[in-house]
Amino acid sequence: MDIFLGGFYILTVLCAILYLLTRAALPSVADAAFSVFQRTYLVVYLLAMAGDWLQGPHVYALYESYGMSTDQIDILFVAGFGSSMVVGTIVGSIADKYGRRTNCILYGVLYGAACVTKHFGNFWILMIGRLLGGTATSILYSAFESWLVYEHHKRGFDANLLGNIFSLGVLGNSVVAIVAGLVAQKFADLFGYVAPFDVSLCVLSLMVIIIIMTWTENYGDKTSNISHSFGVALTAIKQDHKVLCLGLIQSLFEGAMYCFVLEWTPSLSIINRGKAGAPNEIEEVHTDIPHGHIFAGFMVALMIGSSLFKLLSKYTSVESFMRVVLFVAALSLMTPILYKGNQMVIFIGFLVFEMCVGIFWPSMGTMRGKYVAEETRATTMNIFRVPLNMIVVVILLQHLERDTIFEFCALFLIIAVVCQQWLYTLYEGLPKTTYLSTTADTLRRDSVTEEKPKKGIDDEEEIV
């Protein structure tokens with residue numbers, strides 16, 4: 001049994017133990033309305049993530065099967081990140097003005113259209129698909145969360161329960177990623193590389209139908225135009241240091257994370273062995289690695305991180321423990337530099353980083369729920385994604401050495417630690433009342449004048 005499969009088994013046992021501990025340690029939620037609301041959101045969110053995960057494993061292979069050169073494939077990937085960086089900010093403003101529910105439906109439509117383009121071996125049609133996919137990705141990481149936070153507060157649920165939804169989202173997303181990878185591989189083996197994209201199209205279509213049937217619409221500032229929303233969001237980032245810190249932390253961490261995604265395979269493929277004929281000398285050898293076992297291990301590590309988030313949240317504030325999490329993440333990405341060729345140590349370091357990612361996602365969602373203004377939430381969140389997409393584009397275009405990339409990743413995360421310490425200082429200076437009072441008051445005023453939704457999840461009318 002190789003170290004990767006062994007690591008997967010050990011992590012699975014640890015994940016199960018932590019999951020049981022969190023269930024036992026945390027109080028159960030007795031609010032039936034909240035349970036229905038949480039379930040309905042998670043069903044849609046996990047279908048949205050499944051549509052994304054189903055496409056990931058075979059994008060590169062599909063392009064190669066169409067005869068695309070390495071340079072052409074790099075250009076296609078850069079186009080995806082570039083469209084997410086440029087068009088994504090506009091899409092965020094559209095969500096605030098015209099509705100987050102509508103924007104989530106648009107995600108399904110755009111990503112579904114991107115799946116259709118995969119049937120064509122023409123470079124320019126595939127380029128259109130990458131542009132559509134990049135735009136859709138921006139929606140995935142902003143509009144869904146914006147809809148959730150608004151509805152959570154509007155319905156008067158306990159603010160502390162928001163972190164529970166984010167944590168379950170990470171946990172479920174890890175399971176969905178593993179299942180989607182297996183399903184994608186099965187369909188690719190049976191019907192070719194384009195088949196997983198057809199499955200994704202079906203999943204996205206189902207997601208759109210469920211949104212239409214179960215979600216109510218909500219907005220940011222409907223009266224302002226897109227340029228005004230963008231300006232207000234930028235002003236908030238510049239004037240409110242807490243929002244600025246969040247933006248910097250998100251961009252730096254996710255920038256390092258995307259670089260890690262690009263580099264973990266070659267880092268684990270190199271091992272040190274004694275040189276033939278000269279056993280006292282060490283040489284680097286490239287070996288094949290079980291990508292499926294490693295990916296499954298990473299996903300279980302993510303699930304462990306989501307359980308750790310619940311336990312940590314019980315004993316201290318998110319603002320406090322995230323300082324340690326970010327510092328540990330920085331150390332974990334130094335392992336490929338300090339222990340080059342030591343496959344086991346590097347794998348352990350990467351697993352630790354994935355656990356940090358599992359803590360990061362619900363932590364950031366919780367803090368954004370506290371500090372980001374409701375009126376321009378989706379716009380602000382997409383502005384946060386501009387620097388991280390820029391980081392990835394630069395990495396792809398510069399063809400940097402692997403050690404250099406990981407050095408930059410560690411540097412990004414150390415700067416994120418400094419920003420988190422700044423945020424913690426600002427948090428400590430806040431009056432210890434309800435940190436969401438302003439947002440909650442605004443939502444209560446809105447709910448008085450807002451028309452009762454015709455159909456959706458309501459206190460009396462539940463569909464799911």
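Reply:

On the surface, F327, L331, I414 and V418 form a nonpolar patch whose members together have about 360 Å² of accessible area. The structure is a predicted model. Two helices, α13 (318-332) and α17 (402-428), each supply at least two residues of this patch. V418 belongs to helix α17, and V418 counts as exposed because its relative accessible area is 55%, where exposed requires over 50%.

The side chains of R402 and E263 meet with an N to O distance of 3.5 Å. This pair joins distant parts of the chain, since R402 is in helix α17 and E263 is in helix α11 (residues 241-269), 139 residues apart.

A search of the whole structure finds seven salt bridges. Among them is the bridge between the side chains of E145 and R368, with an N to O distance of 2.5 Å. E145 lies in helix α7 (residues 143-154) and R368 in helix α15 (residues 343-371), so that this pair links parts of the chain 223 residues apart. E145 counts as buried because its relative accessibility is 9%, and R368 is likewise buried, with a relative accessible area of 4%. Both values fall below the limit for buried residues, which is under 20%.

K154 forms a salt bridge with E151, the closest N and O atoms being 3.7 Å apart. K154 and E151 are three residues apart in helix α7, and therefore about one helical turn separates them. An α-helix has 3.6 residues a turn, so residues three or four places apart point the same way. E151 is buried, at 0% relative accessibility. E151, K154 and R155 are linked in a network of salt bridges.

When neighbours within four places in sequence are left aside, F298 is in contact with F260, W264, L268, F347, F350, L351 and E354.

Helix α2 (residues 32-53) contains F34, a buried residue with a relative accessible area of 0%. The C-alpha atoms of F34 and G156 are separated by 9.5 Å, although the two residues are 122 residues apart along the chain. Helix α2 is mostly covered, with 16 of its 22 residues buried. At 1.5 Å a residue, the 22 residues of α2 should span 32 Å, and the 31 Å between its end C-alpha atoms agrees with this.

Finally, the protein as a whole has 18 helices and two strands. Buried residues make up 55% of its 464 residues. Of the contacts with a separation of 6 or more, 85% are between residues 24 or more positions apart. The accessible surface comes to about 20200 Å², of which 65% belongs to carbon and sulfur atoms.

Note on methods
Residues are numbered from 1 along each chain as its sequence is written. This is a predicted model: local features need pLDDT of at least 70, side-chain atom pairs count only at pLDDT 80 or more; totals for chains, interfaces and linings use all residues. Side-chain values use heavy atoms; hydrogens and water are left out. Patches are made of residues with over 30% relative accessible area and no salt bridge: like charges are joined within 9 Å, nonpolar side chains (Val, Leu, Ile, Met, Phe, Trp, Tyr) within 5 Å. Accessible areas come from the Shrake-Rupley method with a 1.4 Å probe; for residues, only the protein chains shown count as cover. A salt bridge is a side-chain nitrogen of Lys or Arg within 4 Å of a carboxyl oxygen of Asp or Glu. Helices (H or I, at least four residues) and strands (E, at least two) are DSSP runs, numbered from the N terminus. Buried means under 20% relative accessible area, exposed over 50%, partly exposed in between (1.4 Å probe, protein chains only). Contact means heavy atoms within 4.5 Å. The expected span of a helix is 1.5 Å times one less than its number of residues.
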